[in-house]
Amino acid sequence: MTITASFYKITKSSLATLFAEQKQKGNTIIDLSGNGSDLSKSCKALFFPATEKVLEYKIVDKGVAEVKPDNFNDETKAVNRFIFGANICDAYALKVVGPVFGEGPVDRFFINKREATIVAAILCDNKKNACFCDQIIPRSDYSNAADLVFTEFDENSWAVRSNNNRSIDFFGNGFLHFIEDNTLKELFDKKEEKLFNSENPEEINYFPKLEALKKFIEKNFNSEIFNDASMNCIGCATCTYSCPTCHCFDIVDEKKYYNGERRKNWDSCAFSLFTLHASGHNPREYQGQRWRQRLLHKFSIYKDRFDKIACVGCGRCIRLCPAGVNMLEMFEKWKISIDHM
Amino acid sequence: MENIYRPYVMEVIKRKEEAPMVVTLRLKFKEKKDEERFSFQTGQFAEYGLLGEGECTFCLASSPTQFARDKYIECTFRIVGKVTSALGRLDVGETIGVRAPYGAHFPIESWKGKKIIFATGGIALPPIRSVIWNLLDRKNEFGQISIIYGAKTVADLVYKDEIKQWEDMSGVTMISTVDPGGETPGWQGKIGYFPTIMKEHLAKIVADGGNIDDIIFVICGPPVVIKITLDILDSFKVNNDAIFTTLENRMKCGFGKCGRCNVGEVYVCKDGPVFTATQIKQMLPDF
Ligand code: SF4
Ligand code: SF4
Ligand code: FES
């Protein structure tokens with residue numbers, strides 16, 4: 001499939017007008033661009049919220065339940081949204097996790113939201129502290145990551161790359177605010193080139209070959225290296241909650257008297273209870289084993305199952321860990337062994 | 001469009017205490033249309049839930065042939081936590097939510113004409129019981145069936161009535177055993193752990209000039225016990241493709257999304273819970 005992008009220019013004031021028009025039409029505009037370089041949150045939660053109702057019920061007599069609403073559509077219904085200002089890596093992460101929810105029995109809660117949402121990302125100007133997306137996201141996928149990609153043309157206007165027709169369908173006549181100008185392709189190419197060639201922050205010089213990393217983890221499966229590497233980890237799950245590709249969840253009931261909800265809540269492989277069996281047996285008793293799972297899932301299991309790495313190199317797990325656990329440092333430390341695999 | 005988290009609403013039509021803290025519930029669909037579209041195969045599992053309490057994973061402990069005949073399913077579970085306690089308190093006439101069927105099944109069609117040995121212990125009999133009845137309902141298609149079943153004490157044996165039925169059935173060898181110290185004065189069965197008893201049984205087959213090669217083995221138990229049992233079968237050089245087991249990892253969603261049941265790249269809820277010994281041995285040691 002060849003993806004042919006088209007390019008547009010839009011003034012910042014026209015964009016504001018467009019947003020106002022859209023709101024009037026009842027569409028939701030979510031502007032993340034104000035966050036600027038605040039990279040602490042990804043847009044994951046807009047598709048896969050930290051807690052989400054999947055059922056609502058009323059307990060009548062003797063546990064006889066009324067499960068509401070009767071119509072499946074109502075529970076999974078999503079509103080039309082336009083997300084402006086996502087990070088490219090986070091938009092790409094939506095593509096990465098899409099198959100988990102979309103393949104097999106379809107999780108309409110995620111998929112309906114994705115289908116009703118246009119994601120517009122803003123190209124990053126430079127790599128930030130601990131970013132390593134260039135090591136992970138294929139160059140060819142980079143500017144295709146979102147439905148629309150914006151980059152500043154000048155003080156007053158944006159250059160826009162549109163990767164599909166979804167925005168035209170979404171905005172209708174409103175799309176006329178975008179003025180086609182395919183010469184802008186060059187600007188995008190130049191900016192990407194610059195980003196990819198820019199200095200890596202914090203001397204992130206080494207990223208292992210995936211095959212070798214997989215072999216390394218499997219070979220050292222029961223060794224002490226994972227415990228050593230995650231010695232400081234307090235199992236707080238900040239790394240997984242802030243990760244745009246982490247998608248593990250729990251299913252939990254919340255009841256008040258006779259009314260209640262069943263909810264899908266974020267969960268984390270960093271928690272000791274995550275895999276605890278009813279018998280008391282826990283296959284992952286130590287934090288090191290949980291970290292091993294995190295690495296294995298991201299760089300090997302996910303690749304085997306969905307042919308993508310479940311990491312986009314956003315660097316959040318490194319930036320936000322309160323204990324200074326850093327997976328790039330782990331790789332660096334194991335470099336010689338990994339490269340010998 | 002379907003909400004995959006929405007359960008079938010079922011009604012408890014029978015409750016039985018099998019052993020201390022072990023309960024069997026017999027369940028019937030509330031809605032005719034659900035009953036009509038439901039079917040499953042032996043070895044598959046379900047998420048049983050109580051609104052307000054949560055969901056729990058157990059196998060479908062009754063046979064698909066039974067469902068075809070009587071339109072009910074059964075589950076058997078040990079009361080250990082919040083949800084199982086609530087499920088254990090359910091009475092006849094009360095409602096339960098069930099999401100099912102999930103996972104892979106035992107490939108019994110490929111066992112036709114073969115002898116089958118079941119070896120299991122304690123609360124691991126329920127998944128095996130589904131297979132046993134499935135085969136017994138089509139008895140002329142399969143060879144001799146041997147069931148080696150152990151529990152800590154005599155009281156802990158589940159399905160006591162069915163064990164009696166199996167003892168009396170032609171074509172079935174039923175060997176019950178209890179752990180040393182778990183016997184009662186009148187205990188007629190064996191004393192010893194079930195893997196040991198299975199070992200004795202196999203040794204006897206060999207001593208009698210029997211052939212182990214065309215036997216299918218179905219074993220089930222906690223991870224450590226599975227490992228021990230596999231070692232014993234290895235010592236008899238049993239073909240690993242003829243050994244089946246079912247893993248009981250912690251699960252939530254049942255369909256490969258919530259991310260907690262994996263053993264390396266294997267998702268127990270989707271790729272299993274039924275695996276051959278060959279598959280088990282290829283897995284990373286993470287269960
Ligand atoms: S954020 Fe750091 S301390 Fe918290 S679970 Fe992750 S690695 Fe451990
Ligand atoms: S693993 Fe860390 S760097 Fe990779 S996507 Fe998740 S938070 Fe970002
Ligand atoms: S039980 Fe949720 S992924 Fe297997």
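**View 1. Shell around ligand 1 in the predicted model.** The shell around ligand 1 is made up of 11 nonpolar, 2 polar and no charged residues (Ala, Val, Leu, Ile, Met, Phe, Trp, Tyr, Cys and Pro count as nonpolar; Asp, Glu, Lys and Arg as charged; the others, Gly among them, as polar). Of these 13 residues, A:Cys233, A:Cys236, A:Ala237, A:Cys239 and A:Cys321 come nearest; a residue is near if one of its heavy atoms lies within 4 Å of the molecule.

This is a predicted model, in which local features need pLDDT of at least 70 and side-chain atom pairs count only at pLDDT 80 or more, while totals for chains, interfaces and linings use all residues. Residues are numbered from 1 along each chain as its sequence is written, chains are lettered from A and ligands numbered from 1 in the order in which they are written, and side-chain values use heavy atoms, with hydrogens and water left out.

**View 2. Contact between chain B and chain A.** Contact (heavy atoms within 4.5 Å) joins 44 residues of chain B to 54 residues of chain A. The buried area is about 4,200 Å², 54% of it from carbon and sulfur atoms; this is accessible area (1.4 Å probe) lost by the two parts on being put together, summed over both. In chain B, B:Tyr5, B:Leu51 and B:Lys257 lose the most area to chain A, together 18% of what that side buries.

**View 3. Salt bridges across the interface.** The rule finds 5 salt bridges between chain B and chain A (a side-chain nitrogen of Lys or Arg within 4 Å of a carboxyl oxygen of Asp or Glu). A:Asp267 forms a salt bridge with B:Arg260, with the closest N and O atoms 3.0 Å apart. By class, the side of chain B that touches chain A has 18 nonpolar, 10 polar and 16 charged residues.
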